[in-house]
Amino acid sequence: MAMSEAPSAERSPPPGRLPPGPTCRVDFSRPLDFTFLGRGVRGFAGDTVASALYAAGVRTFGRSLKYHRPRGLYSMEGESSNTFMAIDGVPNECAETTRLRAGMSVRAQNVRGDPRTDFFGLIDPFDRLMPAGFYYRLFHRPYGLWPLFQNGLRRMAGTGVLDTQHDHGRDGLRAERYMNAEVAIVGGGAAGMSAALAAAESGLRVCLFERRPWLGGHLAWRVRDFEGEPLHARAEALARRLRAAENVKVFTNSPVTGVWGENLVTGFTIGTEDDPFRECHWECRAATVVVAAGCMDRPLVFNHNDRPGVMQAGAAWRLARTCAVRPGWAAVFSVADDQSLEAAVDLSDLGVEVRGVADAREAGRQDPELVAALEKRGIPLLPGWAVSRAMGRRRVRACELRPLDGGGSSHFQCDLLVANGGMQPRIGVLATAKARLAYCTHTHTYQPAELPPGVFAAGSMTGLRDPRSIEGSGRLAGCRAADLASGAASDRRTDTARRDADALPGPVAGCDIRHGSGIGRGAKAFVDLDEDGTYKNVKESAAQGFDVPELAKRFGGFGLGPGQYRVTGQNLAMIMADLRGDPIETATPTTVRPPLAPPSLATLAGPGHDVHKRTPLHAEQAAHGAVFRRAGPWQRARYFSDDVTCRAEIRNVRNNVGILDSSPLGKFRIFGPDALNALQRVYISDMRKTRPGRCKYSAMCNDMGHLLDDGVIVEEGEDDYYFTTSSGRAGATVEWFRFHTRHDGWDYNLVNLTDVLGSLNIAGPNARKVLQRVTTDDVTNEAFPYMACRPITVGDGVRARCLRLGFVGELSYELHVPSSYSRYLWDLLMEAGADLGIRPFGLEAQYCLRAEKGHIIIGAESEARVTLTDIGMGWMWDRKDTASKKVGAPALRACEKQPGRMKLVGFRVDEGQGSPRDGALVVDGAEIVGYVCTTRRSEALGWQYGMALVCDGHAAKGATLSLQEEHKPGKRATFSATAIPPHFYDPRGTRLRA
Amino acid sequence: MTVKPSFNWLRLRRLWRPAPVRRHYDVVIIGGGIHGLATAYYLARAHGIRDVAVLESHYIGFGGSGRNTAIVRANQRTPENVRLYDEGLKLWRTLTDELDFNLMFFNCGTLMLGHSEAAVDGYRMLASTHNLLGVKSEVLDPLQCAELIPGLDISDRPAFPIQAGLYHPPGGVVRHDAVVWGLAKGAAAHGVHIHQGCEVQGIDTDGSRVTGVRTSLGTIRCNRLGIMAGGYSTAVAAMVGIELPIHPLTIQAMVTHPLKPFLHHVFSSGAYHVYANQTLKGEIATGAHMDPQVNYTNDATAYYLKHQAEALVDLMPVLRGVRFMRIWAGLADMTPDMAPIMEGHLRYDDLYLDAGWGYFGFKSGPVAGKYMADYMATGERPEILEAFQLKRFLEGRYSGETAAVMKYGHWD
């Protein structure tokens with residue numbers, strides 16, 4: 001991205017604005033009109049919502065969570081929820097970082113009406129009644145009143161209002177991008193850019209992520225001369241070189257949300273006018289990561305440090321330099337580092353009257369050049385001083401400065417109070433990357449004590465301040481990352497970079513100020529802005545035993561709000577160490593948790609693909625009015641009419657002929673010398689009894705004897721078998737075979753043909769008639785009996801594997817053809833059966849038809865409490881075979897004769913009652929003894945049948961079962977039924993064999 | 001109850017005092033989470049056994065107790081479980097009074113959403129079971145679900161359209177940290193010692209007896225030992241060579257930026273692997289399914305952050321503009337039948353175990369502690385714990401808490 005040209009300064013700037021300088025990002029020639037609380041406001045292209053509002057004179061942006069205190073612009077980087085606003089109906093949008101667009105509608109949050117005159121502001125003085133954790137000790141006596149208090153608390157809590165009636169205009173395309181890089185770089189400042197350039201020299205793929213719209217970090221708005229050119233020009237030169245490097249991809253507007261396991265860097269890109277998307281979620285799998293995330297102001301804790309007008313140095317400076325907004329007319333600084341002194345000088349040059357600068361560091365530690373510059377401008381510098389109090393009720397009108405070692409105070413009138421305790425590194429990225437951070441007593445910041453493999457830190461976050469050092473550290477990190485990523489030993493280039501970096505000035509001493517003097521005396525000094533956590537609350541938490549940061553965080557609510565650890569983390573740890581009387585280096589920060597920048601759910605969710613599989617016959621079934629439902633990964637036809645009892649579909653199968661798309665059925669070929677051994681291991685029956693041309697029905701169990709799968713196996717040749725599994729098990733079958741034969745060294749091949757082959761069932765008394773019309777092969781009962789399986793030729797020579805089965809209890813053929821022929825076969829059969837009245841049937845009809853026949857479906861009539869034998873399928877189990885080590889056989893043996901197990905029974909609901917539904921309980925008095933798996937009223941039978949799992953004492957044939965359901969409290973229905981064997985329809989199977 | 005005006009909440013006292021480590025305790029409990037603290041509390045309060053130490057390797061509530069989404073309910077599948085959790089639900093109020101600590105039970109009801117015919121059948125069975133046992137539960141149609149949860153998409157558009165709901169009014173949300181602290185306060189007030197930063201490194205045995213534990217704070221001898229270490233119970237039990245049928249799996253949760261209250265009930269969806277509620281502070285707290293592979297880490301993953309967003313906006317498109325603020329992870333100690341193991345005299349006469357709660361460890365904490373205290377005090381298994389013995393896995397008698405045959409990690 002090119003640096004934006006400085007707009008012409010011929011005209012005088014608009015009201016509230018400064019003359020645009022060389023680092024200004026706002027284009028006064030492109031006004032953007034929007035509304036704030038319904039009033040029209042004008043901003044300009046390049047503004048954020050907050051900078052435009054500030055220029056328009058808005059100082060109170062919202063009200064705080066607990067005390068409803070007025071809150072103003074504080075950081076320009078979204079480090080607290082101070083400027084969270086409702087924008088175009090979307091709550092909790094950060095005005096500091098949201099780019100202004102024309103026509104936006106902006107509202108304040110957590111207020112009634114105008115944030116300047118909020119009714120609940122009257123809560124503020126009552127903080128004495130609300131010490132840390134007060135809600136744990138209040139409101140519960142008497143308990144009956146708690147719900148009232150609870151609802152009151154709920155109403156007071158929260159900030160933004162979510163409109164549940166609308167979709168919030170979060171429209172616009174969401175994109176996703178998945179990248180690979182040898183070197184990922186977090187931060188596009190001087191260090192990050194230098195690292196990228198160094199890594200790119202090795203020819204590696206480099207991705208650089210910068211959350212601001214431009215590159216350059218803090219150099220981008222600094223005009224101070226360094227080595228003969230302004231600092232921003234230095235950054236621009238680096239950016240130009242970076243843009244020219246071919247193997248570097250630069251992502252601006254792209255905050256990083258975290259570095260996860262194996263150096264997965266994630267984040268999102270906020271689209272500009274030039275991007276085809278509104279926001280794009282991305283993930284970058286990187287071999288190495290260079291973290292050059294820079295610094296932020298460490299908030300200074302002092303009385304009323306949350307008043308509108310109190311600002312971080314970076315915020316005031318950026319307002320003036322990048323947005324050409326006057327941050328104030330009269331400013332006082334209370335800072336603790338040279339960069340902030342530079343800001344004071346610079347703001348003074350821009351026409352802000354700087355009335356005094358307190359520097360928490362003692363005299364002599366300041367940059368002499370800056371001291372001279374302050375003196376030249378007549379700005380008094382007070383070393384060893386800090387602000388002790390901000391004054392003014394709704395915004396800063398004055399402040400009080402005091403020496404840190406005690407002594408008299410000085411008052412200054414001001415409308416801008418720039419305050420910090422020096423700079424703190426943005427440790428989030430390193431922390432999520434699992435770097436071990438330790439307190440450094442030189443820089444007085446958290447520094448990486450141990451970096452995980454492939455992660456490097458560089459730039460100002462390591463305490464460097466000299467631009468050459470920052471670039472040098474970046475270059476070194478880039479070289480080292482490239483060496484590691486390319487597997488090269490440390491080369492000469494890296495050695496040179498290391499020598500260069502070592503020769504440059506090292507980390508600069510920091511300041512360990514905890515807070516201003518006179519803290520907490522009748523005033524609030526905030527450690528956490530989001531949830532109104534004060535210094536006093538920290539003390540109160542400690543007094544109640546929560547005296548380590550991790551516990552105080554949870555008890556008092558520090559760093560749990562939208563700003564997370566950023567505003568609170570280091571201050572809380574330092575203050576707590578003080579309160580405990582521990583040395584400062586023992587201060588441990590609280591855990592940093594991703595996402596480091598908050599992505600919207602829409603952006604994370606992306607375009608929202610509904611991922612599912614369709615059978616080859618999806619369109620054909622849809623044309624017949626199919627209602628599709630998800631079944632595992634598939635969309636399958638459940639009904640073919642509005643009638644969910646599927647009476648017509650069922651009747652047509654029982655009396656005529658129906659067609660079912662059974663393509664998701666698992667289909668496999670296993671072959672090789674040990675194929676039979678493998679089948680013997682996983683199937684519960686004696687698989688030596690398979691015969692060519694015959695289907696053998698069998699089942700698989702797990703180690704606990706639970707039924708996992710059933711299907712048919714056909715021997716197709718020597719050591720060559722074809723078998724089917726239930727649709728739900730198709731995906732797991734290969735792994736299941738391999739797992740259970742992993743120690744045997746057996747030689748077999750197992751191929752999953754599920755998606756390769758389509759499957760169609762035709763079922764009903766007229767099924768043969770239809771089939772015979774499409775094939776010249778003999779499919780008469782004599783030539784093609786029940787359970788036969790052989791290839792036949794259909795239509796114009798399509799070879800189909802034909803299996804004569806009877807899941808639905810009628811004469812039925814299952815035809816497996818290559819998926820690409822499925823539609824041809826469907827059309828062929830539909831045409832051949834048209835005069836007979838062939839019609840498709842869906843899963844629900846199949847479900848009922850097979851239940852009438854007493855054929856079970858795994859999961860419907862089986863569960864975790866029952867084994868194969870419990871559901872009456874023990875006949876399949878080859879008990880004598882112990883040599884094959886059949887999976888599940890030992891458990892079946894152990895459970896077989898156990899009393900008190902649940903058993904599957906069939907039942908007939910006694911006449912003259914209503915119809916119970918699936919899930920009805922089987923009860924014995926007040927005791928639950930089982931439940932109904934499936935029950936339906938059968939037209940073919942003329943009565944209501946069902947299957948239930950019941951305790952064995954109730955499973956005897958002819959036993960009376962009491963069924964009971966109560967889907968709503970008090971609405972109880974009872975039924976009586978008689979236990980019968982679960983073969984209701986055609987128990988002798990004559991129709992199957994017809 | 002009489003209303004006593006008091007300004008107790010203004011008096012700031014330590015909830016519990018650090019105590020010196022004694023070399024011997026009557027009872028040692030490993031694990032300073034809800035289960036361990038509740039057991040200690042009831043041992044001291046109900047049985048007068050005050051010579052008790054709770055050993056916690058980090059800080060109390062570091063594990064699952066402080067990482068769950070704080071949902072409580074009693075709409076389980078089997079009568080044994082429903083009875084236990086129902087008693088647990090009633091304890092929140094009792095404990096709030098006993099501990100004089102507001103556990104902030106928000107009795108908002110829970111709504112489980114069903115997205116298939118099979119799920120609806122399952123809900124009918126659940127509702128019938130609960131109502132028969134006197135626990136309120138009701139099957140709702142999609143329109144009734146939308147009335148409870150505004151913004152829920154009940155059309156056919158979502159990948160898994162909503163077919164029905166199971167509403168359970170007695171359920172709700174409890175402030176999980178408060179339970180940990182309240183129990184610690186109550187236990188300490190009865191003389192229980194809570195040792196934080198005390199890592200158990202080994203367990204000493206002598207014949208059929210457990211004699212003590214070796215810890216980072218030295219050896220502590222004891223007469224009775226309880227293992228209640230949540231996700232780490234398998235590792236602790238392994239110290240005495242006991243192998244448990246438990247798979248520890250990472251489970252993740254996250255919160256959004258705070259919003260004014262609009263979600264007045266807990267809702268969950270099995271098909272989407274989502275459960276969500278709005279905290280007192282206004283955040284939407286939501287949890288996901290477990291990571292597929294067995295592991296002991298508390299690492300959150302980028303995958304789940306995205307997965308959760310996909311699922312939530314498909315169910316509730318009005319959440320599209322809301323932002324995730326924080327994600328974290330904890331351990332779920334899963335048994336094959338999703339029911340816990342509460343066992344006494346486990347290989348050693350004086351060894352007790354309370355583990356395998358999976359993702360139900362929070363809702364069950366106090367009631368499990370109550371009965372484990374009974375068990376440890378008397379040596380006799382309380383009747384209500386009959387269903388939760390370890391031997392059921394050897395006998396192939398799963399509890400039926402989950403209908404599905406579960407698989408964690410491997411195929412075994």
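In the predicted model, chain A has an average pLDDT of 93, and 98% of its residues score at least 70. Residues 1-10 of chain A have a pLDDT below 50; beyond near neighbours in sequence, this stretch makes 17 contacts in the model. Where pLDDT is low, predicted coordinates should not be read in detail.

The interface between the chains involves 80 residues of chain B, which are in contact with 88 residues of chain A. On the side of chain B that touches chain A, two or more residues come from each of the helices α2 (79-99), α3 (117-132), α5 (176-189) and α7 (302-315), and likewise from the strands β5 (138-140) and β16 (324-334). The most is given by α3(B), with 9 residues. By residue class, this side of chain B consists of 43 nonpolar, 16 polar and 21 charged residues.

Within chain A, a helix pair is formed by α17 (residues 647-655) and α22 (residues 843-853), whose axes come within 9 Å and cross at roughly 55°. Angles under 35 degrees count as roughly parallel and those of 65 to 115 as roughly perpendicular; α17(A) and α22(A) are therefore oblique to each other. Their crossing is right-handed. From α17(A), the contact is made by A:Glu649, A:Ile650 and A:Val653, and from α22(A) by A:Ala845, A:Cys848 and A:Leu849. The residues of this contact comprise 5 nonpolar and 1 charged, with no polar residue.

Notes:
Residues numbered from 1 in each chain as written. Chains lettered and ligands numbered in written order. Predicted model: local features only at pLDDT ≥ 70, side-chain atom pairs only at ≥ 80, totals over all residues. Contact = placed C-beta atoms within 7 Å. Helix = DSSP H or I, 4+ residues; strand = E, 2+ residues; numbered from the N terminus. Nonpolar A, V, L, I, M, F, W, Y, C, P; charged D, E, K, R; others polar. pLDDT = per-residue confidence, 0-100. Axes fitted to C-alpha atoms, helices over the stretch in contact; angles between N-to-C directions. Parallel < 35°, antiparallel > 145°, perpendicular 65-115°, else oblique. Left-handed = near helix turned anticlockwise from the far one by under 90°.
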